[in-house]
Amino acid sequence: ASTRTDRWLRVAADVINATVSFADITGLTCPVENGKTYNFEAHLFHFENATTTGPRFGINGPTLTNVQVNGYDVVVSGVDTTTMRSGSAQAVDTSYVGASLTGRITTPALALFSGQFTAGANGTFAVRSQSEIAVAAGVTVRAGSWCHVWEPTG
């Protein structure tokens, strides 16, 4: 009998991406098997180096099909108002929050996203980040960020 995947992943130390290319977030990867469907939920504590750039988050893996990612992120935080941004994606290395998040806050914020996919091959699932513009310390994913990956029952 096959064992069901139920993995809790955690970022042990801050992970920085200063490029406009998606890169795996260290600690947020796990093996997946061909033909199996998985659910995931990620909580990413993050900040940017300036209000002129924003983060992008997505997933990747071995030939993923039936990809659905939905989530939201804090764009501007204030004492009386907070601006949120939400969206969805149906492909790997595609940000669920769209193309531009300038005007970001430079103090820690929280991005929440979840979804499902079917693995089309054995390989590694990864939660990924990307900076909107190439700049030193473009987006930092904080230690303590996490992702839960599991195979649904039924």
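pLDDT is the predictor's confidence in each residue, on a scale from 0 to 100. That matters here, as this is a predicted model: local features need pLDDT of at least 70, side-chain atom pairs count only at pLDDT 80 or more, and totals for chains, interfaces and linings use all residues. Residues are numbered from 1 along each chain as its sequence is written, and side-chain values use heavy atoms, with hydrogens and water left out.

**The chain as a whole**

The mean pLDDT of the chain is 86, with 84% of residues at 70 or more. Looking element by element, β7 has the lowest mean, 75, while strand β11 (residues 146-150) has the highest, 98.

What does the secondary structure come to? There are zero helices and 11 strands. Both kinds of element are DSSP runs numbered from the N terminus: helices are H or I with at least four residues, strands are E with at least two.

Contacts (heavy atoms within 4.5 Å) say something about how the chain folds back on itself. Among those between residues at least 6 apart in sequence, 82% join residues at least 24 apart.

The accessible surface is about 7100 Å², and carbon and sulfur atoms account for 52% of it; such areas come from the Shrake-Rupley method with a 1.4 Å probe, and for residues only the protein chains shown count as cover. Of the 154 residues in the chain, 44% are buried. Buried means under 20% relative accessible area, exposed means over 50%, and partly exposed is in between (1.4 Å probe, protein chains only).

**The nonpolar core**

A nonpolar core is a set of buried Ala, Val, Leu, Ile, Met, Phe, Trp, Tyr and Cys residues joined through side-chain atoms within 4.5 Å. The largest one here has 28 residues, and Leu44, Phe113 and Phe125 touch the most other members. Which strands supply at least two residues each? They are β3 (23-32), β4, β5, β6, β8, β9 (123-131), β10 (139-141) and β11.

**Two cysteines, no bond**

Those two cysteines deserve a look. A disulfide is a covalent bond between the sulfur atoms of two cysteines. Here one is counted when a pair of cysteine sulfur atoms lies within 2.5 Å, and the structure holds zero of them. For Cys30, the nearest cysteine sulfur is that of Cys147, 7.2 Å away. Cys30 is buried, with a relative accessible area of 2%, and Cys147 is buried too, at 0%.

| Residue | Strand | Relative accessible area |
|---|---|---|
| Asn39 | β4 (residues 37-48) | 14% |
| His148 | β11 | 12% |
| Gln130 | β9 | 9% |

Asn39 and His148 touch each other. Asn39 also touches Gly115, Gln116, Val149, Trp150 and Pro152. The contacts of His148 include Arg7, Trp8, Phe40 and Glu41. Its side chain also makes a polar contact with the side chain of Asp6, at 2.5 Å. A polar contact is a pair of N or O atoms within 3.5 Å; within protein, one must be able to donate a hydrogen and the other to accept it, and residues adjacent in sequence count only if both atoms are side-chain atoms.

What lies 2.3 Å from a polar atom of the Gln130 side chain? That is the backbone oxygen of Val20. Gln130 touches other residues as well, including Asn17, Phe22, Pro55 and Val139. The C-alpha atoms of Gln130 and Asp24 are 9.2 Å apart, although 106 residues separate the two along the chain.

**Two loop residues with positive phi**

Thr63 sits in the loop between β5 (55-60) and β6 (64-77). Its phi is near 35°, a positive value in a residue other than glycine. Is Thr63 buried or exposed? Thr63 counts as exposed, at 54% relative accessibility.

Asp93 is not a glycine either, yet has a positive phi of about 50°. You can find Asp93 in the loop between β7 (82-89) and β8 (109-119), where Asp93 is partly exposed, with a relative accessible area of 30%.

Methods: Lists of a residue's contacts leave out its neighbours within four places in sequence.
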